[in-house]
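Morning, everyone. Let me put the model on the screen, and then I'll walk through a few spots.

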Amino acid sequence: MPREARVDRRRYLQAIGGTVATLSVAGCQSGSGDSQTLTAGTAPGFPPFEMKQDGELVGFDVELLEAVIAASEYELSGWEELEFKSLIPALNNGNVDVVAAGMTINDDRDEAIDFSDPYYSSNQAIVVRESGSFSPSSLDDLSGATVGAQKGTTGESVIKDQLIEAGTVPESNYNAYGNYVLAVEDLLNENVDVIIIDVPVANSFVADRPIESAFVHETGEQFGFGVQSGNDELAGALNSGLTTVEDDGTYRDLTEKWFGQK
Amino acid sequence: MAAILLQTADWLFVANNWGLLLGGTAVTIALTVSSILLGFVVGFPAGAIEVYGSDRARRLVEQVGVVLRGTPLLVIIMILYFGLSISSSAFVTATIALGLRSAAYQSQIFRGALQSVDDGQLEAARAVAMSRFEAIRHVVVPQALRRSVPGFQNEFTIVLKDTSIAIVIGIGELLTTGQNLYEGGQSTAALEIFLAVSLVYFVLTFATNRSLDKLSDYYAVPEGTT
C-alpha cells in the first residue's frame with residue numbers, strides 16, 4: 001500500500017508556530033488570585049541549603065523561608081520540588097509564588113524575575129584532593145590544570161570568565177557536570193585536578209570526602225528569594241520578614257545549625 | 001578506583017533506604033501504567049483512523065502525530081506544565097505528556113499491524129454478509145492486535161524508562177528518589193544508587209517483556225504442526 005508523507009516540513013513548522021502562538025497567549029493569563037497563601041519552590045540537592053533526608057525536604061533555605069513567611073501576613077501552603085533550571089519558568093507561570101534555592105542574584109535572572117533582599121553571601125571554593133600534591137593558592141596557579149564545575153552555577157562562570165577567557169585554562173580542560181556530587185566523584189577519580197563550588201557546599205562535602213578547599217575565590221555573590229517580576233508586595237513582605245528573623249535571633253540560630261562546625 | 005566507588009557502607013546506605021526507593025518505584029509503575037493506557041485509548045483509534053478514516057480525519061490524525069513524534073518529550077512536558085499549565089498536579093501533567101507521546105507512537109504500531117492483514121480477509125468477511133465495520137471489528141482487528149504485540153512491547157519499555165524525564169517537574173519517581181538520596185544524604189553512594197536504580201528498571205522491563213511474551217503465545221494464531 002503506497003503511502004506518501006502528507007506532512008511536509010513546512011506544515012510541521014506551521015503547526016509548531018501555531019502551538020507557540022497559543023502558548024504565548026496562554027502565558028499572559030496570570031495564575032491564582034489568592035494572595036495570602038504561598039507555594040514555595042526549591043531544587044533539592046544543594047546541601048546544606050536544601051536537600052532530601054529520609055524523604056523529607058530539609059535545609060537552611062527551607063527553614064529560613066518558613067520562618068520569614070511565618071513573620072509575615074502570608075501563609076505557606078507547601079513546597080514544590082523541581083529541577084533548578086525549572087524554577088524560573090515555574091515562578092513566571094505561577095506554579096510557585098516564591099523560590100528559595102540558593103539562587104544567586106545576577107543580572108540575567110534579575111531580568112526574568114525579582115529578588116528579595118540578599119539573605120546570604122557566598123564565595124567560590126577551589127577544591128582539590130586531600131592526598132594530592134596539587135595545592136593552588138590563586139587562580140593563576142591553575143594554569144594548564146583540568147577543572148570541573150556544575151553546569152549553570154557561579155563556579156562555571158568563574159571558570160568560563162576568568163580562566164578560559166584569560167587563557168589560563170584551555171576550554172578542553174573544563175568538565176561540566178549535572179550536579180555537585182558527580183563533580184566531586186570525578187575529582188576523586190582524578191579526572192579533574194580541581195572543582196569550583198560554593199563555599200558552604202564545599203564545606204559539607206569536605207566533612208565526609210577526602211577532599212579539601214585549597215583557597216576561596218571572592219565573588220561576593222548573594223543569594224535572594226525569587227518572586228514573580230513586579231510582585232513588589234510579596235518582595236516587600238519577604239524583606240520585612242527577613243529583618244524580623246535577623247533581629248529576633250532566628251537567622252543566627254539557623255546559620256549555626258546549618259553552617260556551624262560539624 | 002573500584003575500591004573507592006563500591007564501598008560496603010554505601011551499599012548499606014542503599015539498603016537502609018530501600019523503602020524510599022520502593023516508593024519511587026511505585027510512582028514509576030503508576031506513571032507507566034497510566035501513560036500506556038492513555039496511549040492505547042488514544043493511539044489505537046488514531047491508528048485505525050489512519051487506515052480506514054475519511055481523508056480529513058486521516059490528515060488531522062497524521063499531522064498531530066507528526067508534531068507529537070517530532071517534539072522531544074522534555075519539551076512536551078515543559079510546554080504542558082509551564083506553558084499551558086493543564087493541571088496543577090505534576091503527575092497528571094506527566095501522564096498526559098507521556099500518554100500523548102505514546103499514543104503517537106502506538107498509532108503507528110497499530111496502523112502497521114492493521115495494514116499487514118491481507119485485504120482478502122476483509123473481502124471474504126464482506127462476502128459472508130458482514131458490514132464493513134463488523135468485518136474490521138471481528139476479522140481484521142483480532143489478527144492485527146496479535147501482530148502488534150512485539151511493537152507494543154518495545155513501546156512499553158520506552159515509556160517505562162522515559163518516566164524518568166518527569167524529574168524536571170519534580171515527580172518523586174524512581175530516578176528522582178535515587179538522586180535525592182545521594183544529593184541529600186551519603187554523597188559517596190552515587191554509583192551504588194545508580195546501580196540499584198538500574199537494577200529495578202531492569203527487573204521491571206524484564207518482567208513486562210516476559211508477561212507480554214506469554215500473552216503473545218497465548219493469543220497466537222494456531223498454526224499447523226506439520
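How do the residues of the lining of the largest pocket divide into nonpolar, polar and charged? They split into 17 nonpolar, 13 polar and eight charged. Nonpolar here covers Ala, Val, Leu, Ile, Met, Phe, Trp, Tyr, Cys and Pro; charged is Asp, Glu, Lys and Arg; the others, Gly among them, are polar.

Ground rules next. This is a predicted model, where local features need pLDDT of at least 70, side-chain atom pairs count only at pLDDT 80 or more, and totals for chains, interfaces and linings use all residues. Residues are numbered from 1 along each chain as its sequence is written, chains are lettered from A and ligands numbered from 1 in the order in which they are written, and side-chain values use heavy atoms, with hydrogens and water left out.

Back to the largest pocket. It holds about 840 Å³ of space. A pocket is an open set of points on a 1 Å grid over the protein atoms alone, where a 1.4 Å probe fits, with protein on both sides within 12 Å along at least five of seven lines; lining residues have an atom within 4 Å of a point. The volume is the space filled by probe spheres set on the points, which are joined across faces, edges and corners.

The lining has 38 residues. Nearest the centre are A:E83, A:F84, A:Q150, A:G178 and B:Q179. Two elements give two or more residues each: α6 (180-188) of chain A and α10 (174-184) of chain B. The largest share, six residues, is from α10(B). Helices are DSSP runs (H or I, at least four residues), numbered from the N terminus.

Now the domains of chain A. The assignment gives domain 1 (35-118 + 223-258) and domain 2 (121-219); such bounds come from an automatic or database assignment. Each domain gives at least three residues to the pocket lining. Their C-alpha centres lie 27 Å apart. Eight residues of domain 1 are in contact (heavy atoms within 4.5 Å) with eight of domain 2.

Over to chain B. B:S35 sits in helix α3 (residues 18-52). Buried or exposed? B:S35 counts as buried because its relative accessibility is 0%; the cut-off is under 20% relative accessible area, with a 1.4 Å probe and protein chains only. Its side chain reaches the backbone oxygen of B:L31 at 2.6 Å. Beyond neighbours within four places in sequence, B:S35 contacts B:A94, B:T95, B:L98, B:G99, B:S102 and B:V159.

Last one: B:E62, in helix α4 (residues 55-70) of chain B. At 3% relative accessibility, B:E62 is buried too.

Note on methods. Buried means under 20% relative accessible area, exposed over 50%, partly exposed in between (1.4 Å probe, protein chains only). A polar contact is a pair of N or O atoms within 3.5 Å; within protein, one must be able to donate a hydrogen and the other to accept it, and residues adjacent in sequence count only if both atoms are side-chain atoms.
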